[in-house]
Amino acid sequence: MGFFDRLFGGRAKTAEETRFSGEKMVVKAPMDGIVLPLEQLPDETFAAAILGPGCGIEPTGGTVYAPFDGKVTSIVPTLHAVGLESTEGIELLIHIGMDTIALRGNGFTPLVREGQAVKAGTPLLNVDLDAIRAAGHPTATAIIVTNGDDLSEMSVVASGDTAIGVPLLKFKA
């Protein structure tokens with residue numbers, strides 16, 4: 001915000017504005033929380049990397065953000081998972097909680113639609129973590145690169161506490 005914006009009240013923020021900017025071949029943390037190694041996720045399909053490489057996040061915040069510039073490729077009908085594709089071709093699945101399909105959409109509020117272009121930091125989904133816990137489901141969230149075999153070598157570059165927008169996964173250029 002420049003001097004004149006401060007002096008004259010600036011411009012109003014729009015819904016299209018985002019929380020952080022994108023980087024090439026980087027997946028940023030889509031939520032606040034604690035980074036978990038993939039093998040610590042409480043679901044064998046994710047833990048064994050059957051769907052692809054990645055990591056988990058034990059969320060501490062209730063909003064999921066786009067981790068890169070790209071588009072929303074899918075939102076499952078039960079709203080517990082979002083598919084994205086970056087402008088560089090990274091295909092990503094963000095699966096909130098484990099066995100949360102059983103909630104049938106309760107506790108999840110989509111903020112985007114399938115096919116929508118997004119910038120890094122665009123809010124994707126609001127999640128009621130307390131509702132997931134009350135239903136007896138883990139809130140651990142899987143961040144999975146579903147086309148990892150088609151991409152260069154990937155590494156998890158974050159550990160411990162993380163915040164939205166912090167680099168989480170990087171691919172060699």
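Reader: In what order do the strands of the eight-strand open sheet come?
Author: In this predicted model, the order is β9-β5-β6-β7-β11-β3-β2-β13, and the pairing is antiparallel. Strands here are DSSP runs of E with at least two residues, helices are runs of H or I with at least four, and both are numbered from the N terminus. Two strands pair if DSSP finds at least two bridges between them.

Reader: And which strands are at the edges?
Author: The edge strands are β9 (117–118) and β13, each of which pairs on one side only.

Reader: Before we go on, what should I know about the numbering and the confidence limits?
Author: Residues are numbered from 1 along each chain as its sequence is written. Because the model is predicted, local features need pLDDT of at least 70 and side-chain atom pairs count only at pLDDT 80 or more, while totals for chains, interfaces and linings use all residues; side-chain values use heavy atoms, with hydrogens and water left out.

Reader: OK, back to β2: how many bridges join it to β3?
Author: Five bridges join β2 (residues 33–37) to β3 (residues 54–59), and the two strands run antiparallel. Within that pairing, Leu36 stands opposite Gly56 in β3.

Reader: What about β2 and β13, how many bridges there?
Author: β2 pairs with β13 (residues 160–162) over three bridges, again in the antiparallel sense, and Val35 is the residue that stands opposite Gly160 in β13.

Reader: Which residue faces Ile94 across the β7 and β11 pairing?
Author: Ile94 stands opposite Ile143 in β11, in a pairing where β7 (residues 91–95) and β11 (residues 141–145) are antiparallel and share four bridges.

Reader: There's a three-strand sheet too; what's its order?
Author: That open sheet has the order β4-β10-β8 with antiparallel pairing, and its edge strands, β4 (63–65) and β8 (108–110), each pair on one side only. The twist averages 20° from one strand to the next, where axes are lines fitted to C-alpha atoms (for helices over the stretch in contact) and angles run from 0 to 180 degrees between N-to-C directions. Three bridges join β8 to β10 (residues 123–127), with Thr109 standing opposite Asn126 in β10.

Reader: Switching to charges: how many salt bridges are there?
Author: The count comes to three, taking a salt bridge as a side-chain nitrogen of Lys or Arg within 4 Å of a carboxyl oxygen of Asp or Glu.

Reader: Where do Glu88 and Lys24 sit in the chain?
Author: Glu88 forms a salt bridge with Lys24, with the closest N and O atoms 3.6 Å apart. This pair links distant parts of the chain, 64 residues apart, as Glu88 is in the loop between β6 (81–86) and β7 and Lys24 is in the loop between α1 (3–7) and β1 (26–28).

Reader: What does the Glu153 and Lys172 pair tie together?
Author: The side chains of Glu153 and Lys172 meet in a salt bridge of 3.9 Å, N to O. Glu153 lies in the loop between β11 and β12 (154–156) and Lys172 in the segment after β14 (167–171), so the pair ties together parts that are 19 residues apart in sequence.
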